[in-house]
Amino acid sequence: MARKNEIFSSSSQKTPVDVPGGIMKQDVMKEFGWEVPVDVAPLPSQGRVYPASTSLHGKEVVSIKAMTAKEEDILLSRAYSKQGTTVIELIKSCLVDKSIDPSDLLLGDRHAILVAIRITGYGAEYCVDATCPACNTTSEHNFDLSTLPLRNLEIEPVKQGINEFAFTLPVTKKNVTFKFLTGKDDLEITQTNERRKKLLGEQADNVVTSRLAYQIVSIEGVTDRNKITTFVNNMPARDSRALRLYIDKHEPTLEMTTTMICNACGASSEVALPIGMNFFWPRE
Ligand SMILES: [Zn+2]
């Protein structure tokens, strides 16, 4: 169940940054009468999928420092943009706990942190062009990022601290385990698909099956990647659909859907919040 996220709205608690090596910097900034405020960002996974050996294990929130000019440099960096690592570098820079590798975060956790960083930097108001699903008119809308619903992890992993969940396929009755994708997984899938397309042409686009094959960890205890891929390519459509729906429904994340009322036709519709360039460069 989605619940109203209260963490973003109570973002007034400011504590000074306490990072090793950051102390001197803080002292200098104190002289200027300014300390970079620290806030918390929620982890929809509640840290239940991260190994006990990591600092993310069992954590419901992580500390982030507010965006400064340094983070604006990251957003403007052509090198990061070219490598597709802008988001990762931004999160890395804002996380207070430097032992966290942002690529290891579940996509949903990463998403929630990103929105929290945006709020600390520029506030919760997000002004963007949105298209009305009823009449197709595009107009500027103001959204409140602090009201986006947080969907926490509600299913139990097969073992605490492991990103693996059980599901029984309805048609073949096979017992499978699956995982929620991390940033690293997502990047790997994208790169593999691009290589495939280059090799075999556009018709080789198999985003759905390759994603699903990647998410399945085991089928009846079998973990061999080639066997899993073969199974996924030949499984009944109803099994594939049921598993995908189950994963989507339970993926812990910050939901980017919100209600908009159209200025042209007055219709009220649920829309996916578009994340454009101005997410981090608000309109003046
Ligand atoms: Zn409309």
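His250 counts as buried, at 14% relative accessibility; buried means under 20% relative accessible area, exposed over 50% and partly exposed in between, with a 1.4 Å probe and protein chains only. This is a predicted model, where local features need pLDDT of at least 70, side-chain atom pairs count only at pLDDT 80 or more, and totals for chains, interfaces and linings use all residues. Residues are numbered from 1 along each chain as its sequence is written, and side-chain values use heavy atoms, with hydrogens and water left out.

**Around His250**
- You will find His250 in helix α9 (residues 237-250); helices (H or I, at least four residues) and strands (E, at least two) are DSSP runs, numbered from the N terminus.
- Leaving aside residues up to four places away in sequence, His250 touches Leu153, Ile155 and Phe180, where contact means heavy atoms within 4.5 Å.
- His250 and Leu153 are 97 residues apart along the chain, yet 6.7 Å separates their C-alpha atoms.

- Cys262 is buried, with a relative accessible area of 4%, whereas Cys265 is partly exposed at 41%.

**Helix α6**
- Helix α6 covers residues 183-200, which is 18 residues, and reaches 26 Å from its first C-alpha to its last, close to the expected 26 Å at 1.5 Å a residue.
- That expected span is 1.5 Å times one less than the number of residues.
- Gly183, Asp185, Ile189 and Asn193 are buried in α6.
- Seen down the axis of α6, its buried residues fall within an arc of 160°, so they line one face of the helix; the arc is that of the directions from the helix axis to the C-beta atoms.
- On the other side of α6, Arg195, Lys198 and Leu199 are exposed.
- The cover over the buried residues of α6 includes α5 (107-122) and α7 (207-215).
- Just after α6, Gly201 takes a positive phi of about 90°.

**The whole chain**
- The protein chain has 9 helices and 12 strands.
- Of its 284 residues, 43% are buried.
- Among contacts between residues at least 6 apart in sequence, 63% join residues at least 24 apart.
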